[in-house]
Amino acid sequence: AVVFLFCGQGSVSTSYVIVRATRTARPQARQIVLPPVPRRAEEAGYEERVYTDLEWDAATSSIHSSGHSCAGACGENSRWIFDGRDFVLASHRFYTPGGGELLEVYRTELRAPR
């Protein structure tokens, strides 16, 4: 099972950690650290372990995270798909101050093995 554990809430977003737990009689949980999104050079060493405004989509086995400033002028949206073993970064978009449109930075397509 994938579990979102509430960590805190700001003025416009809610933060979570993600845990994967077994459903056996002796459940074991481990924190999920999703593959990193593209970052600027000065953010290269940054590893995210807390995610904002998470949503789970059972139809696509994907997690969506969105984050934005309190003014809503800038932010980013990311989506990871579960491939049967782990989560894979599927898309990452960001928008900048003054622009309402999302700029696509990264997108991939998962295909079943033949």
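Which residues does Ala1 touch, not counting residues up to four places away in sequence? Taking contact as heavy atoms within 4.5 Å, Ala1 touches Val19, Arg20, Ala21 and Arg23. Ala1 sits in the segment before β1 (2-9). From Ala1 to Ala29 is 9.2 Å, C-alpha to C-alpha, though they are 28 residues apart in sequence.

A word on the ground rules. This is a predicted model, with local features needing pLDDT of at least 70 and side-chain atom pairs counting only at pLDDT 80 or more, while totals for chains, interfaces and linings use all residues. Residues are numbered from 1 along each chain as its sequence is written, and side-chain values use heavy atoms, with hydrogens and water left out.

**Overall layout**

The chain has 9 strands and 0 helices, where strands (E, at least two residues) and helices (H or I, at least four) are DSSP runs numbered from the N terminus. Of the 114 residues, 27% are buried; buried means under 20% relative accessible area, exposed over 50%, and partly exposed in between (1.4 Å probe, protein chains only). Looking at contacts between residues at least 6 apart in sequence, 31% join residues at least 24 apart. The chain exposes about 7900 Å², with carbon and sulfur atoms supplying 50% of that area; the areas come from the Shrake-Rupley method with a 1.4 Å probe.

**The core**

What makes up the largest nonpolar core? The term covers buried Ala, Val, Leu, Ile, Met, Phe, Trp, Tyr and Cys residues joined through side-chain atoms within 4.5 Å. Here the largest such set has 11 residues, including Tyr16, Ile18, Leu54, Ile63 and Trp80. Strands β2 (14-21) and β8 (87-95) each supply at least two residues of this core. Leu54 touches Phe4, Tyr16, Ile18, Ile63, His64 and Ser65, leaving aside residues up to four places away in sequence.

Most residues other than glycine have a negative phi. Asp53 lies in the loop between β4 (51-52) and β5 (54-57), and Ser61 in the loop between β5 and β6 (62-68).

**Salt bridge and partly exposed residues**

With a salt bridge taken as a side-chain nitrogen of Lys or Arg within 4 Å of a carboxyl oxygen of Asp or Glu, the count is 1. The side chains involved are those of Arg30 and Asp86, at 4.0 Å, N to O. This pair links distant parts of the chain, 56 residues apart: Arg30 is in strand β3 (residues 29-32) and Asp86 in the loop between β7 (75-82) and β8.

| Partly exposed residue | Relative accessibility |
|---|---|
| Arg30 | 44% |
| Asp86 | 43% |
| Ala1 | 38% |
| Ser61 | 27% |

**A pocket**

A pocket, on a 1 Å grid over the protein atoms alone, is an open set of points where a 1.4 Å probe fits, with protein on both sides within 12 Å along at least five of seven lines; lining residues have an atom within 4 Å of a point. The second largest pocket has a volume of about 170 Å³, a volume being the space filled by probe spheres set on the points, which are joined across faces, edges and corners. Its lining includes Val37, Tyr51, Glu76, Trp80 and His92. Strands β4, β6 and β7 are the elements that give two or more residues to this lining.
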